[in-house]
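Here are some notes to read alongside the structure. Please keep the model open and find each residue as it comes up.

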Amino acid sequence: MEVLKTIAEMRQARKASKKTMGFVPTMGYLHEGHISLVRQAREKNKLVAVSIFVNPTQFGPKEDFRTYPRDTKHDLSMLKPHTDFVFMPSDEEMYPEGYDSWVEVKGITDMLEGSARPGHFRGVSTVVLKLFNIVQPNRAYFGQKDAQQLAVIKKMVKDFDVNIDIVACPTVRESDGLAMSSRNTYLTPEQRRSAPVLYQSLQLAQELAKQGEWDALAIRKEMTKLIQKESQADIEYISIADNETLKEIHRIKYPALVSMAVRFGRTRLIDNLVLEE
Ligand code: AMP
């Protein structure tokens, strides 16, 4: 496994081989969710590259950029059995003085995480396009855990004719259903005990839809009731939307994306489930 810190080094490494490459962009503090993406990249490609970069431009001024958990040593030891190249640029390498270009995907960034976190997807799509240009993989792997991010990247790749296949990977969960996330580490023991309610509420939505409940508002009400039983949980939004346009729906129409952001103290967790027929 080679660790590359500059764009020039990464380009050089890519140039040295014409083999197929799968790429997994991450912000580090890796867990089994990330590793599942790396494994899927390994299965379909001769080479695997992973980036570790806590991208400053996708964090709002009041968000956790500075406190975002970091542990390079642990990350590298997790990657070693599965990875050929780890790209770990500095902030200055990615955004040198005078940096002035931004990628903006319109429309699907207006709602959900886009409206809760203004500028977030501009930062995400900009850094992902830069990483794609630097690493030049054949395929790139993204988690369904960040459903809207996945939709934004797919749209950007389509609109900009980027010649990379985007592969969606299922959400990996802890045994109690909590979606794995680097931010779970912020939770107090009490909040951690409450946090599986997110997945429970998603399963409730799935169950209600299966039983024939077609009214999205009624489903959201039941989910809200369940989550509010946890005194630590503070709902930011619960959405039931068309899985492609991400526009809210009133009647259940498959496939539907049920998604949410819930705060536990200062920690903000997101989760989602796609309802299918
Ligand atoms: P992050 O380091 O949070 O930027 O995540 C890097 C990639 O890993 C993104 O494509 C995420 O969607 C994906 N990811 C994060 N958590 C999970 C999870 N629990 N299961 C599957 N993929 C995940």
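1. Start with a group of charged side chains. Glu113, Glu236, Arg263 and Arg268 are joined in a network of salt bridges. Bear in mind throughout that this is a predicted model.

2. One link in that group can be looked at on its own. Arg268 and Glu113 form a salt bridge, with 2.8 Å between the closest N and O atoms. Arg268 sits in strand β9 (residues 267-275) and Glu113 in helix α5, so this pair ties together parts that are 155 residues apart in sequence.

3. Are these two partners buried or exposed? Arg268 has a relative accessible area of 16% and is buried. Glu113 has a relative accessibility of 7% and also counts as buried.

4. The side chain of Asp271 meets that of Arg173 at 2.9 Å, N to O. Arg173 lies in the loop between β6 (165-169) and α8 (189-194), and the pair links parts of the chain 98 residues apart. Asp271 and Arg173 are both buried.

5. Next, look at Arg117 and Glu63. Their side chains form a salt bridge with an N to O distance of 2.6 Å. Arg117 belongs to the loop between α5 (113-116) and α6 (120-135), while Glu63 belongs to the loop between β3 (47-52) and α3 (72-79), so the pair ties together parts that are 54 residues apart in sequence. Arg117 is buried, at 10% relative accessible area, whereas Glu63 is partly exposed, at 30%.

6. How many salt bridges are there in the whole structure? A search finds 14. The pairs described above are among them, including Arg268 with Glu113.

7. Now turn to a pair of helices. The axes of α9 (residues 197-210) and α10 (residues 216-228) come within 9 Å and cross at roughly 150°. Because angles over 145 degrees count as roughly antiparallel, α9 is roughly antiparallel to α10. Their crossing is right-handed.

8. Which residues make the contact between α9 and α10? From α9, the residues include Val197, Leu202, Leu204 and Leu208. From α10, they include Ile219, Met223, Leu226 and Ile227. By class, the contact has ten nonpolar, two polar and one charged residues. Glu222 in α10 is one of the residues in this contact, and Glu counts as charged.

How values were computed. Residues numbered from 1 in each chain as written. Predicted model: local features only at pLDDT ≥ 70, side-chain atom pairs only at ≥ 80, totals over all residues. Heavy atoms only, no water. Salt bridge = Lys/Arg side-chain N within 4 Å of Asp/Glu carboxyl O. Helix = DSSP H or I, 4+ residues; strand = E, 2+ residues; numbered from the N terminus. Buried < 20%, exposed > 50% of the residue type's maximum accessible area, 1.4 Å probe, protein only. Axes fitted to C-alpha atoms, helices over the stretch in contact; angles between N-to-C directions. Parallel < 35°, antiparallel > 145°, perpendicular 65-115°, else oblique. Left-handed = near helix turned anticlockwise from the far one by under 90°. Contact = heavy atoms within 4.5 Å.
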